[in-house]
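Open the model in your viewer and keep the selection tool at hand. The tour goes from one selection to the next and says what is there.

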Amino acid sequence: MARLIIVANRVPHPYERGNPRAGGLAIALSDVLVSGSLWFGWSGKRSGKTSTSPRVLVDRDVTYATIDLAEADYNAFYRGFANGTLWPLFHMMPGLMTYRREDYAGYRTVNRAFAEALAGLAGPDDLIWIHDYQLLAVAAELRALGLRNRIGFFLHIPFPPPEIFKILPPATELLRALSANDVIGFQTEGDRAVFLACIRGLLDVVPGAGGEFSIDGHETSAVVTPIGIDSDSFSRLSARAVRRAEAKRLIESLDGHALMIGVDRLDYTKGLPGRFAAYGRFLAAYPQHKHKISYLQIAAPTRPEVNHYEELHNELDHKTGAINGAHSDFDWVPLRYITRTISRTAIAGLYRVARIGLVTPLRDGMNLVAKEYVAAQNPASPGVLILSRFAGAADELTEALLVNPFDIDEVARAIHFALVMPNDERLARHAALLAKVQSGSAAAYCARFAGFLAETPAPIPIDSLRRIPQDMKSQVLDPTSARVEMTVANSCSGLNLTTNEMQKIKL
Ligand code: ADQ
């Protein structure tokens, strides 16, 4: 029986259920957490040795399999190549990139360890869906181990154009490794177009008009499947959350002022220094709004061990002091700045209270905060979304006030315009945005990607081709085998798939 196997650097482990986690991938994947899936990834634990024998746990019909990483591998793979090299480069910030051959070697070691551990868990018909920039080479390692399953990869962050991508010393090697997937998914048409330009420019392979190309006899298609949120449940959550204690305390403290909210991971790609500068410019340029607005920025330090985070932290502390020092009054503080993770329920309530959602990343694959803010609004009296043109979400959410985050005067003007926007316009913009967020849901994203994967040619019957010893497979699966026999049709049952989509996935 075929299952959907989701492979991500971090697994939304059942032990962590209920704990707030900031991070789009973890949250988006939790939204498609469905019965019968197998989730595979790093346990979050560091130990003496990188393991290739996963720990398996079954919780509510979802199987979780995780491995530990050696400290040295973690440093090279996660801090070094993934976050020191790929993250800034893919966000078009090569000036912040560091590259060390040892880090790349560690990255490949960890991708290989993922593949070895996964090969022992995957049945021949399982669909394998790999996520994000930490795992660019896992499909190639799985192929090297003899797996012929349908394998797909989805990139949550942007892809850079050839002129930037080729700065990366192992650029062509990684493009070839990615091409071991049957399907590669991107957030936007723009990301797919530059990826295909890299295939053409760096590998001298001409892709077809539909995004398909062939390398070493293996066919791959590049597709666009923008990620979404479970918007209906988020809307319900926000309607409940606004009556809870946190939201009530906030409303009381606002004393009638309009709230503007920003919610981000503390990361240099999110454009927080520029956002603070734009708010300072707004207060200076439009003094009529002083005493009438309060800006709440929540910034969770999710990767404090990675380069440049300390500097960013210090810079924002300094800017907060400067803005409040220059503009506060006895009875009014213009900027409230919180550097910790807040529960999803509390965030849903705060979004609903906010008259403006300020989302100004310098570059972002999608940006789920923009979609959450829209879903959380009261449709009878919605707030206004200000959104960076350089977030993937701007491709869809064109009724937001779109801004260039590098132009702080433009952002300042957008804040002013959001505050004075006529009611009819606010309602019309929000209705259009909400319809888009509802139709581009997390379930639609999952169904669309799984549908593309299921459409690829059937895998060769492979047990004879696989080099993974059978005894390793049964040793890993034994404790749970009765419970992990699920069909992919079951595993997508929570996703409201159409019959046609179901049939495609049933293979
Ligand atoms: P991220 O860069 O993490 O995700 P984003 O899409 O905005 O960015 O998601 C952040 C998530 O974390 C949101 O769900 C938000 O509510 C939550 N969050 C942020 N700060 C928080 C805080 N202080 N407390 C609690 N929760 C917080 C990556 C890519 C994005 C892409 C997603 C999904 O960088 O471009 O949209 O994956 O594909």
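Select Glu102 first. In this predicted model, Glu102 has a relative accessible area of 47%, so Glu102 counts as partly exposed.

Keep Arg100 and select Asp103. This residue also forms a salt bridge with Arg100, and the closest N and O atoms are 3.1 Å apart. Is Asp103 buried or exposed? Asp103 is buried, because its relative accessible area is 6% and the cut-off for buried is under 20%.

Next, go to Arg344 and Glu372. Their side chains meet in a salt bridge of 3.1 Å, N to O. Which parts of the chain does this pair link? Arg344 lies in helix H12, residues 344-353, and Glu372 lies in helix H13, residues 368-376. The two residues are 28 residues apart, and the pair links distant parts of the chain. Arg344 is partly exposed at 29% relative accessible area, whereas Glu372 is buried at 7%.

Select Arg108, Arg112, Glu141 and Glu173 together. Salt bridges with shared partners join these four residues into one network. In total, the structure holds 23 salt bridges.

Select Arg236, Arg240, Arg243, Arg244 and Lys248, which form a positive surface patch. Within this group, pick Arg240. Where is Arg240 placed? Arg240 sits in helix H8, which covers residues 231-241. With a relative accessible area of 47%, Arg240 is partly exposed.

How many helices and strands does the chain have? The secondary structure comes to 21 helices and 15 strands. Of the 507 residues in the chain, 58% are buried. Switch to a surface display. The accessible surface of the chain is about 19,800 Å², and 51% of this area belongs to carbon and sulfur atoms. For contacts in the chain with a separation of 6 or more, 77% come from residues 24 or more positions apart.

How values were computed:
Residues numbered from 1 in each chain as written. Predicted model: local features only at pLDDT ≥ 70, side-chain atom pairs only at ≥ 80, totals over all residues. Heavy atoms only, no water. Helix = DSSP H or I, 4+ residues; strand = E, 2+ residues; numbered from the N terminus. Buried < 20%, exposed > 50% of the residue type's maximum accessible area, 1.4 Å probe, protein only. Contact = heavy atoms within 4.5 Å. Areas by Shrake-Rupley, 256 points an atom, 1.4 Å probe, with all protein chains shown as cover. Patch = residues over 30% accessible without salt bridge, like charges linked within 9 Å, V, L, I, M, F, W, Y side chains within 5 Å. Lys, Arg positive; Asp, Glu negative; His and termini not counted. Charge placed at Lys NZ, Arg CZ, Asp CG, Glu CD.
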